[in-house]
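Colleague: Could you walk me through this model before I open the viewer?
Modeller: Gladly, here it is.

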Amino acid sequence: MSSTATITDATPPQLGHRLTAARLPRWAPAATAAASIAVGCGIGAAAGLESHVQWGLISALLFLVVSYTLSASVEGRRQARDRFATSLVWVSFVCAVVPLVSLTFYTVQQGIDAISPEFLTHSMKGVVATLSPDGGIYHAIIGTIEQVLLATLIAAPIGLLTAVYLVEYGRGRLASAVTFFVDVMTGVPSVVAGLFILSLWNIALGFEYSGFSGSLALAILMMPVVVRSTEEMLKLVPNELREASYALGVPRWKTILRIVIPTAIGGITTGVMLAVARITGETAPVMMLVFGADFINSDPFNGPQQSLPLYIWQQYSQINNDFGYQRAWGAALVLIAFVMGLNLVARAIARWRSPKGGH
Amino acid sequence: MNLRNGRSKALAIGAVALVSTLSLSACGTDDNTSKTTSGSSTGGSTAAAPAKIACADKGGQLLGAGSTAQAPAIDVWKAAYSAACSSATLTYSGGGSGAGVTQFNQGKVAFAGSDSALKATEVDASKAVCTGGQAIDLPMVGGLVSIVFNIEGVDKLVVDGPTLAKIFDSQITKWNDPAIAALNPGVNLPAADIQAIHRSEDSGTTANLTGYLAKAGGGNWKYPAAKSWAGQGGQSANGSAGVAALVKQTKNSISYVELSYAQTNKLNSAAINTGASKPVEATAANAAATLASAKVVGTGADLALDIDYATKAEGNYPITLVTYEIVCDKGNKADTLPVLKSFLNYTVSDAGQQAIGAVGYVPLPAELAGKVKTQIDALA
Amino acid sequence: MTSAPPADARGRARRSRGDSRRGDNVFFNLSRGSGVLLLVVMAAIAGFLAYRSLLALGKNEGNFLTTFEWTPDATKPVFGIAVLTFGTLVSAFIAMVIAVPIAVGIALFISHYAPRRIAQPFAYLVDLLAAVPSIVYGLWGVLFLVPHMDGLTSWMDQYLGWTYVFDQSSTGVPPRNLFTVGILLAIMVLPIITAVTREVFRQVPRMHEEAALALGATRWEMIRTAVLPFGRPGIISASMLGLGRALGETIAVATVLSTNSVLSLHLLDPGGGTFAQNIALKFSEAQPLGRDALMASGLVLFVITLLVNGAARMIIARRKEYSGAAA
């Protein structure tokens, strides 16, 4: 990569000069960054800008400009462009880190006080939420786990198989029709999915409100995300792998199950987890279908249940005092931790199942 | 290798954390009564004395849906009722009056909570689920809409109907406008822009305010009373909680929220010059006086109320509201009827009405409560 | 004695070929069945929406496409999608303009630039943020982001006000406008786009990268010639997933945006609205006609999603030579 050609003594000095172009020292990017931040803050403070967002933006711009010009003057055009790209990537990293860390920090800060063994092990039954800090989220945790699990059990296999169909078999009108509707479905507002299930399942077919009817709506929201991301990952599996497998006489279905899917399992897991993450935080369809009980109901097929996002929404919008906010942030923190835990487990399984080697 | 090791360690920790969280909470309970409530909260888990509640012979599941405005009231009642009658479970989903009435007319809930009385079309639709009867309005939860403001250095403000209408329609845009100054002699009003804030979603609260503005605004409010906001200009926020937060955040702002939101957010409420001898403060007592003089306009078993927004009586706060429970007069589902009657009998009782007074509602006047009770006893 | 094993082997071969054919059939039908099931569900939803929309559109006394107001439950029902379409497209556009380059940058950072010690935890952090429920984004947006946007918006008004778009006509108002919503949406879709893009970049064949480096390319030239072209369909797909969320986001937008029914190009003034936000805010108090009208707006959102996705599909199809599979 770098020009570290060794030069024999006999080489004329001019040529040597060309082969080993001048390079910035290793500490140059860090120094540039530090200087840019300092100057950026200086400008910000001097101009009396209140918002620290502006300070950051000025620093970032300075950093990009300085690192390019510095490198261009010392190392030449190509290296400068490389440095510029590297700087850009680092800047985008920082751009992302700031709001993301702020959001995480904010939620933890607001929610951590609410978390206690009582909070995790009690329902809200018999608690007057407006007047008392008591009660907990046990019923909501149970509800969310069951609803998300059921939704995933419905949506993940269907989504996965559909993606397999589209990538491995799909040609012709059926495949394009499926692709078409999957595309449309990615933008369905969650309220619509909830309403659809309400009209079909609860009103036309006459089933009662239950955790399961909520799961159905969540499954609808989940399927397009699973299909879309899985499809993308399956497409990336090199054809050489498939061909090698066929050449060995392995039937197609076995090739798909043993070669294609394991190769793409990391990406597929990411896709499914994204979908799970999306539905776990959904409020609107759950509100209509699950109904928000305040007691523990561990049967998802009968009677109203509770779910964490619905609980957060109720505590925030209907209680409107510190007791409610406290519970809402506590539940939000638990919800995030729950999805994160799921994520880690899914990744562990994916890594354990995936073929070794490669990256 | 080393790296992979480290990562799998992280994974293991994550998995252990998850599993332990789950097993930790695997011993969950519905029992909140044994807990010692921390000192100051007098209300606590065992809010109302369970003694006076007459339970139904047979328990069961009672579902209700509707108005978010009365959700905290139902919450209070639910706690007391389920403490006394353990065989009945009650669930109320506060998804909005419109959604509640729709669900009621689809036969999916036993009662609906609504901010406004039923329309004729809704009553017609209800005949499909109320076999041999129809849906009726039972006034249950009284309240008031308080005009809240945030002006630096001003903690008392008087407004009247026409001025409010002009403020919320951007016809008056400065706080030191002569119309406002005339109502507030001796108050040092700033020369700042008025930031009028309204609800961004459709709501019963907006319907009450616009009903008042249309009646008492002296023709300055050109729009009908409606749940959705029609006025010009201003900013909006979602929910009473959002409005209250925005008023706190924004200098020189004015808006409208239910009494409980004004209290918990410690916002200043304006007094209203109704034409009575002195401006009327936004207090529960003043709202109760208005409720007492409201006329029943419903026919038959229906007890829909007409509140006189243009009231000039002494100490009658004009922007008063009542929300209803909607049930079938005849033809309620047989398996939920006993629990429904016993629950509503509790909510309309003195104990029930006083209990919600503590969370910012206005107890129904005794005479009206008596009428409601008669109807509840007649439900079939 | 000698003839037995071959016969047995042949038999086994035949049997296994039969098995494999049966297996193939079962698997093919299973996967096609899932596709058909999905199709039926989605088509049912589309039909449901279309039916309800037609009910509403017949009673509309305004022009559905050009009307600004949304008052379907008034005595004279009038509702239109002009403001909503504008708000949805503008906020999603701002979100994508900000989020896509940054997300690609982060994905590159994780897959090619960062020391692994930073890359791994950071990748988890990004995944974690995909798990934050939108109500939390909404609350964070109102309580944290909006106050911090104050300086930035007045700055933009001062220096970019001449563009008209960034001109702020009212002052002293919290910046709960379409621009802030766009930024919030950008933050919300960032994890989604990053997660998928990162996985795609990880799949870039090592050979391509090494070949580029061996030819003397700098790291950036390697990424430009080997990684980005390979990942481009993936980036587009990931962006579409993100766009889906940005277009359909409900609670966060409803919490942050100060809505009204005025179509204004001043993006820094509070106002406007989006489809999903409008549905969420109007739904709970809507009468039957109002509900159907909201369904009609949902259908429009469908169509918009469809058009954008169709465009993306066309771009991907033209680059098919990079995709590995047959289809």
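**A first walk-through**

Modeller: In chain B, the end C-alpha atoms of residues 59–350 lie 23 Å apart, and that span is 33% helix and 23% strand, helices (H or I, at least four residues) and strands (E, at least two) being DSSP runs numbered from the N terminus. This is a predicted model, in which local features need pLDDT of at least 70 and side-chain atom pairs count only at pLDDT 80 or more, while totals for chains, interfaces and linings use all residues. Residues are numbered from 1 along each chain as its sequence is written, and chains are lettered from A and ligands numbered from 1 in the order in which they are written.

Colleague: OK, chain A now: which residues of H2(A) are buried?
Modeller: Thr32(A), Ala33(A), Ser36(A), Gly40(A) and Gly44(A) are buried, meaning that 20 or more other C-beta atoms, placed from the backbone, lie within 10 Å of a residue's own, whereas exposed means 12 or fewer and partly exposed is in between.

Colleague: And where do the buried residues of H2(A) fall, seen down its axis?
Modeller: They fall within an arc of 100°, so they line one face of the helix; the arc is that of the directions from the helix axis to the C-beta atoms. The face of H2(A) turned away from that side carries the exposed residues Ala30(A), Ala38(A), Ala45(A) and Ala46(A).

Colleague: What do the buried residues of H2(A) pack against?
Modeller: They pack against helix H3 (52–75) of chain A, where contact means C-beta atoms, placed from the backbone, within 7 Å.

Colleague: What comes just after H2(A)?
Modeller: Gly48(A), which takes a positive phi of about 70°.

Terms used
Two residues are in contact if their C-beta atoms, placed from the backbone, lie within 7 Å.
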